[in-house]
Amino acid sequence: MKNIGDILALPGDGIGAEVVKEGLKVLDAVSKKHGFTYNLKNGLVGGAAYDATGNPLPPETLRMAKEAAAVLLGAVGGPKWEPLDYSVRPERALLGLRSELGLFANLRPARVFPELADASTLKREVVEGTDLLVVRELTGGIYFGKPKGITMLEDGTERGVNTLVYTTGEIERIAKVAFEIARKRGKKVASIDKANVLECTELWRRVVTKVHKDFQDVALSHMYVDNCAMQLIRNPKQFDVILTTNMFGDILSDEAAMLTGSIGMLPSASIGLKNGMYEPVHGSAPDIAGQGKANPLATILSVGMMLKYSFGLLAAAEAIDRAVSSALKKGYRTPDIMAPGCGAVGTAEMGDKVVENLG
Ligand code: IPM
Ligand code: MG
């Protein structure tokens, strides 16, 4: 039997542990059906790691993450750690993993399952059929640019600074990822910028246009981010691949999430030069943590993305997608996607239902 290597589970905080457990349950089941093995490792990250070691991203976790073929992360953060200094906040661990592992491409699909079209706050006819992918640059832009920080001015007031910066190379490599993926999907890329105001994104537009010369079979359009925010709720079906910067991608991917009914449905993949990290788009949801109510489907679908992007196990990845669809078709619903006439299930039961429906 083929061993695909080390998979590091980093459950993190809040509902992270509950949903990762279900992701691993499905991984275990699918590996048996599809004839592969892996070495499962576990690590501490986020607030849980801070409590245990004083560091949200302990060196041991980083080492394991670098050595692993893929990382499955739950969620980090919670009100308990909000008073902490920025440098040791749980969120820092996420940013640290992204930059230390060189995970420059973040893929966030927003696909509306027909069974859930009514769970969206938008009308069914607007969202039904939506199948888009946000390709977000993840290791550059305003999240990492320097100078940054808050300084005291002579008059006793303060000045806060962050810097939006992109180099040609950073734009080229993320643009290539977007075009290559679009080639295997709907062959359309919408590149999102604010080139009418921000010079940095004028460069973004220019470089994306240049990279596109090698991808003439893919249609490229450019859109300002404010217009994109509007178009996403006006007519989301116009989009196939949305290519954008770190911060615009952060914002637009949350907006896209709501098209699908619940952020509890959205998986993500962060890929780089070597390994990949997979995580649900949702956060640690401290309000429902430990109650067995969280929707594990985003994490389960993230496991599917892992099998596809890190290991090229397409049949196994598709089996997970199909099993999620089947569980939804049969009417199983966690509270966030509950609808009249459906059956309420908890986190673990939803994981079981997906396993039962693996073809
Ligand atoms: C996300 C999150 C993170 C981000 C936070 C938690 C640092 O919002 O993954 O979208 O801003 O990238
Ligand atoms: Mg976000």
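Does Ala285 count as buried, partly exposed or exposed, going by relative accessibility?

Reply: The model is a predicted one. Ala285 counts as partly exposed, because its relative accessibility is 22% and the cut-off for buried is under 20%. Ala285 is located in the loop that runs between strand E12 (276–280) and H10. The phi of Ala285 is near 40 degrees, a positive value in a residue that is not glycine. Most residues other than glycine have a negative phi.

H10 covers residues 297–309, which is 13 residues. At 1.5 Å a residue a helix of this length should span 18 Å, and the end C-alpha atoms of H10 are 18 Å apart, so the two values agree.

How many of the 13 residues of H10 are buried? Eleven are, so H10 is largely enclosed by the rest of the structure. The buried residues form a list from Leu297, Ala298, Thr299 and Ile300, through Leu301, Ser302, Val303 and Gly304, to Met305, Met306 and Leu307.

One neighbour of H10 is helix H11, residues 314–329. The axes of H10 and H11 lie 7 Å apart, and the packing angle is about 160 degrees. Angles over 145 degrees count as roughly antiparallel, and H10 and H11 are therefore roughly antiparallel to each other. The crossing of H10 past H11 is left-handed. On the side of H10, the contact is made by Leu297, Ile300, Leu301, Val303, Gly304, Leu307 and Lys308. H11 contributes Leu314, Ala316, Ala317, Ile320, Asp321, Val324 and Leu328. Sorted by class, this contact between H10 and H11 has eleven nonpolar residues, one polar residue and two charged residues. Among the residues in this contact, Leu297, Ile300, Leu301, Val303, Gly304 and Leu307 are also buried residues of H10.

Lys187 sits in the loop between helix H6 (168–183) and strand E8 (188–193), and with a relative accessible area of 36% Lys187 is partly exposed. The other feature is a cis peptide bond, which joins Lys146 and Pro147 and has an omega of about 5 degrees. Pro147 lies in strand E6, residues 145–152. Most peptide bonds are trans.

Technical notes:
Residues numbered from 1 in each chain as written. Chains lettered and ligands numbered in written order. Predicted model: local features only at pLDDT ≥ 70, side-chain atom pairs only at ≥ 80, totals over all residues. Heavy atoms only, no water. Helix = DSSP H or I, 4+ residues; strand = E, 2+ residues; numbered from the N terminus. Expected span 1.5 Å × (residues − 1). Buried < 20%, exposed > 50% of the residue type's maximum accessible area, 1.4 Å probe, protein only. Axes fitted to C-alpha atoms, helices over the stretch in contact; angles between N-to-C directions. Parallel < 35°, antiparallel > 145°, perpendicular 65-115°, else oblique. Left-handed = near helix turned anticlockwise from the far one by under 90°. Contact = heavy atoms within 4.5 Å. Nonpolar A, V, L, I, M, F, W, Y, C, P; charged D, E, K, R; others polar.
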